[in-house]
Amino acid sequence: GADLLDVGRRGQGEESMMKIKMKSADLAKAVKRVVAFQGSRTLPILKMVHFKAEDGKLTLTTSDLDHEARCDVPCGAEGMLCLDGKRLSTILSAAG
């Protein structure tokens, strides 16, 4: 079955949180896939992964301003936010 995950930035209020219903292993795999594209970026915004959940899927997107990496995974959620991809990948791996 799917896990109910609270994803977001602590201390930023409800508007920066999403409740995602999916397997945590599937989320970890998707985050790892787009984070691999990032490499080492100097601009903080380029370290972020954009999460957009709608119509039964979660789309993770990152960019280096010239190219974009995108990964879609099925989930139950609605909303969007941006998070540090490498930090989230580390957290998901540790929770593993």
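This is a predicted model: local features need pLDDT of at least 70, side-chain atom pairs count only at pLDDT 80 or more; totals for chains, interfaces and linings use all residues.
Q: What makes S3 and S4 a pair of strands?
A: Pairing requires at least two bridges. Strand S3 (residues 48-54) and strand S4 (residues 57-63) have five bridges, in the antiparallel sense.

Q: What makes S5 and S6 the edge strands?
A: Four strands form an open sheet, ordered S5-S4-S3-S6, with antiparallel pairing. Strand S5 (68-74) and strand S6 (79-84) each pair on one side only. Neighbouring strands in this sheet are turned by 20 degrees against each other on average, direction ignored.

Q: How do the helices H1 and H2 lie against the sheet?
A: Helix H1 (residues 24-38) lies across S3, S4 and S5, and runs at about 175 degrees to S5. Helix H2 (residues 85-95) packs on the sheet and touches S3 and S6. The direction of H2 makes about 90 degrees with that of S6.

Q: Why are the buried residues of H2 said to line one face?
A: The buried residues are Gly85, Leu88, Ser89 and Leu92. Seen down the axis of H2, they fall within an arc of 100 degrees, so they line one face of the helix. Their cover includes H1, S3 and S6. The face turned away from the buried side carries exposed Arg87, Thr90, Ile91 and Ala94.

Q: What makes aspartate 84 a cap of H2?
A: A side-chain oxygen of aspartate 84 lies 3.1 Å from the backbone nitrogen of lysine 86. A polar contact needs N or O atoms within 3.5 Å.

Note on methods:
Residues are numbered from 1 along each chain as its sequence is written. Side-chain values use heavy atoms; hydrogens and water are left out. Helices (H or I, at least four residues) and strands (E, at least two) are DSSP runs, numbered from the N terminus. Axes are lines fitted to C-alpha atoms, for helices over the stretch in contact, and angles run from 0 to 180 degrees between N-to-C directions. Contact means heavy atoms within 4.5 Å. Buried means under 20% relative accessible area, exposed over 50%, partly exposed in between (1.4 Å probe, protein chains only). The arc is that of the directions from the helix axis to the C-beta atoms. A polar contact is a pair of N or O atoms within 3.5 Å; within protein, one must be able to donate a hydrogen and the other to accept it, and residues adjacent in sequence count only if both atoms are side-chain atoms.
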